[in-house]
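Biologist: Before we go through this protein together, could you show me how to read its features one at a time, with the general idea ahead of the particular case?

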Amino acid sequence: MRWSFVRGRAVTAALLALVLVPIGGAGPAAAGADASRRVITAEGLADLPAVKPVLECADVTGLDLDGVTDAPVTIRSATVVTTGAAAPYCEVRGAIAPANTIVMRLPVNGWTQRYVQTGCGGLCGSANINYGQASTCPVVKDGTVASATTDMGHQGLNDGSWALDNPQAQIDFAYRGVHVTAQVAKAVITRFYGQRPAYSYFTGCSDGGREALMEAQRYPDDFDGIAAGAPANNMVVQNTFHHAWNVLTNKDADGDYILLADKLPLVHRAVLDACDALDGLTDGLLDDPRRCDFDPRTLVCESGQDPSTCLTAAQAGVVQRLHDGATDSKGRKLEISISHEWGSELEWTLFVPKSQGETVSSENFVTSFARYLAYTNAPNPDFRLSDLKFTAESFWETVQSSSYLAALDPDLGAFRKSGGKLLLWHGWNDQHISPQGTLAYYDAMRTTMGARDVERFAKLYMFPGVAHCSGGAGPNTFDVLTPVMAWAESATKPAAIVASNVTNDTVTRTRPVYPYPKVARYDGTGSIDDAANFVPYTPPSRADADAYDWLGKRLYSSGYQTWCKVVDGKLECRPKRTWLTERA
């Protein structure tokens with residue numbers, strides 16, 4: 001039996017005000033037209049004529065969708081929505097067997113021939129179209145794109161219990177749900193408008209970023225462009241050792257928390273005092289936190305010092321360990337260094353509690369995942385955080401068991417050959433998912449495919465001061481879809497993305513963010529809050545080239561990818577990977 005499925009081309013989105021640099025050639029041909037002859041807008045998008053539906057909205061419920069995908073499709077409702085919409089749309093709700101909810105929005109007054117699929121978050125369970133950092137893309141904002149999303153095969157519960165005795169839901173959450181949604185949505189669009197989408201895109205952040213990379217890796221023909229933000233692509237390590245370390249390394253022998261959240265502003269201020277000016281500006285942001293060599297021991301209280309102005313030695317140790325990440329007793333890294341970047345301390349309330357007795361979010365993430373998903377065909381509803389052993393043996397047992405959930409395959413050759421474009425992005429202050437995971441994946445792509453090949457179809461953007469998917473002190477409003485669209489539609493290569501701080505509808509700061517490894521440098525004239533006063537700068541190569549040398553380095557390979565099916569009520573996944581059981 002072939003352990004493969006219909007493949008597809010993944011897509012994504014772009015960023016707020018941006019600079020686009022045209023290059024020669026044309027984007028992928030779409031709907032049989034020669035894209036090189038099209039009029040191109042100022043944003044670099046193809047000027048596609050608006051198309052009217054050939055069906056009434058209500059008629060969508062009667063569509064025959066047999067054979068569109070690998071399971072029956074039911075359209076439950078189709079209703080025109082006008083309230084709160086930029087433009088009226090036909091809202092379609094349906095299901096793809098066995099239990100994938102699909103929700104679509106189809107413009108009724110004019111569709112500009114683009115399809116945008118949005119990702120989910122957490123462990124999903126809810127089908128809500130959320131454009132996230134793509135919401136300011138002009139064709140999204142004006143309501144002329146067709147869009148869809150899915151709950152990925154289960155409803156309502158985000159605690160992992162939906163996976164109990166439901167192996168098909170686990171496959172749908174891992175990779176199938178997003179793919180079959182793309183198949184069905186494109187079929188409905190084709191019937192509703194009388195033509196296929198000219199271009200198809202995917203945009204998502206967090207688990208949506210993992211879904212985006214799953215599409216690029218497993219279904220390279222589904223999308224022309226993909227925007228993958230803060231991807232949870234190393235999901236197994238993320239929801240076990242990473243988040244468990246956040247909690248357990250902050251407990252004393254009695255089980256009490258050592259560091260509480262009231263100390264975080266003190267630590268953050270000290271980090272900025274030590275490192276803010278390293279990039280030439282004292283502006284509250286670190287453009288590359290890896291350059292910061294902050295030592296928390298400098299905050300340890302001296303004799304007679306007011307304890308509100310300093311840390312105990314134990315608290316300083318917790319701060320350092322939270323920054324460094326999980327290790328075993330021999331010091332071997334069980335996750336990529338660095339777990340939490342310097343400068344992100346104000347976001348650490350995700351796992352540093354305000355008071356004793358509090359259950360922090362990181363603990364909930366681990367118990368939800370480890371009880372029902374981490375150990376395939378071996379659910380344990382009684383799992384507690386203390387059951388996780390920080391050893392090499394436990395590490396390999398865990399990552400081998402549920403590899404089908406991770407999106408770590410760095411060989412995107414099929415996606416590149418299909419003409420797909422990928423925009424990876426991550427906020428440096430992300431408190432949920434370490435930016436190092438995205439950097440490591442990008443590095444693995446370049447190692448596997450060659451830097452020149454990767455440059456032709458993929459870009460990485462690192463946003464200073466931005467927390468998980470949004471928020472944070474840095475300029476945190478930007479458009480991640482327009483650059484991807486322009487790259488796919490007119491071969492306009494993404495350059496700077498201008499991100500903004502917005503307070504009470506007023507823009508207070510703008511900054512350009514350049515493709516990694518470039519950073520923005522102040523040119524010495526004008527306001528430091530105006531993006532126009534910054535230029536690209538490529539820092540010298542970093543000396544710590546072994547930064548991604550950790551116990552699980554080999555997971556970033558095509559060999560780690562597995563496909564699963566349901567056999568006698570259990571998951572059966574292939575290929576079996578004996579190489580993962582080797583001890584480092």
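Modeller: Let us begin with the sheet, for which two strands are said to pair if DSSP finds at least two bridges between them, while helices (H or I, at least four residues) and strands (E, at least two) are DSSP runs numbered from the N terminus. Please keep in mind that this is a predicted model, in which local features need pLDDT of at least 70 and side-chain atom pairs count only at pLDDT 80 or more, whereas totals for chains, interfaces and linings use all residues. Residues are numbered from 1 along each chain as its sequence is written, and side-chain values use heavy atoms, with hydrogens and water left out.

Biologist: In what order do the nine strands of the open sheet follow one another?

Modeller: Strands of a sheet pair through backbone hydrogen bonds, either parallel or antiparallel. Here the order is S2-S3-S4-S6-S5-S7-S8-S9-S10, and the pairing is mixed. The edges are formed by strand S2 (73–81) and strand S10 (458–463), each of which has a single partner strand, so one side of each is left without a neighbour in the sheet. From one strand to the next, the twist averages 15°.

Biologist: How many bridges join strand S9 to S10, and which helix lies across S9 and S10?

Modeller: Strand S9 (residues 421–427) runs parallel to S10 and is joined to it by six bridges, with leucine 423 standing opposite lysine 459 in S10. For the angle of a helix, axes are lines fitted to C-alpha atoms, for helices over the stretch in contact (heavy atoms within 4.5 Å), and angles run from 0 to 180 degrees between N-to-C directions. The helix lying across S9 and S10 is H10 (residues 435–449), which runs at about 150° to S9.

Biologist: How should I read burial, and which residues of helix H12 are buried?

Modeller: A residue is buried under 20% relative accessible area, exposed over 50%, and partly exposed in between, with a 1.4 Å probe and protein chains only. In helix H12 (residues 482–490), nine of the nine residues are buried, so the helix is largely enclosed by the rest of the structure; among them are Pro483, Met485, Trp487 and Glu489. Alanine 491, which follows H12, has a positive phi near 55°. In helix H8 (residues 392–401), the buried residues include Phe395 and Trp396, and what covers the buried residues of H8 includes helix H4 (235–248).

Biologist: Where is glutamine 315 placed, and is it buried or exposed?

Modeller: Glutamine 315 is in helix H6 and is buried, with a relative accessible area of 12%. If its neighbours within four places in sequence are left aside, glutamine 315 is in contact with Ile258, Leu259, Lys263 and Cys310.

Biologist: Cys310 brings us to the disulfides; which cysteine does a disulfide join to cysteine 310?

Modeller: A disulfide is a pair of cysteine sulfur atoms within 2.5 Å, and the structure holds six of them. Cysteine 310 is joined to cysteine 301, S to S 1.8 Å, and the torsion about their S-S bond is about 95°, so the disulfide is right-handed. Cysteine 301 counts as partly exposed at 29% relative accessibility, whereas cysteine 310, at 1%, counts as buried.

Biologist: What does the disulfide between cysteine 275 and cysteine 292 look like?

Modeller: Its sulfur atoms are 2.0 Å apart, and its torsion is about 70°, so this disulfide is right-handed. The pair links distant parts of the chain, with cysteine 275 in helix H5 (residues 264–275) and cysteine 292 in the loop between H5 and helix H6 (313–324), 17 residues apart. Cysteine 275 and cysteine 292 are both buried.

Biologist: What pattern do the disulfides follow along the chain, and which cysteine is in no disulfide?

Modeller: With bonded cysteines counted along the chain, the pattern is 1-2, 3-4, 5-10, 6-7, 8-9, 11-12. Cysteine 137 is in no disulfide, and the nearest cysteine sulfur, that of cysteine 205, is 16 Å away; cysteine 137 is buried, with a relative accessible area of 0%.

Biologist: Finally, where is the backbone worth checking by its torsions?

Modeller: A cis peptide bond joins alanine 97 and proline 98, with omega about 5°, and proline 98 is in the loop between strand S3 (89–96) and strand S4 (100–107). Asparagine 377, although not a glycine, has a positive phi of about 65°; it is found in the loop between helix H7 (361–372) and H8.
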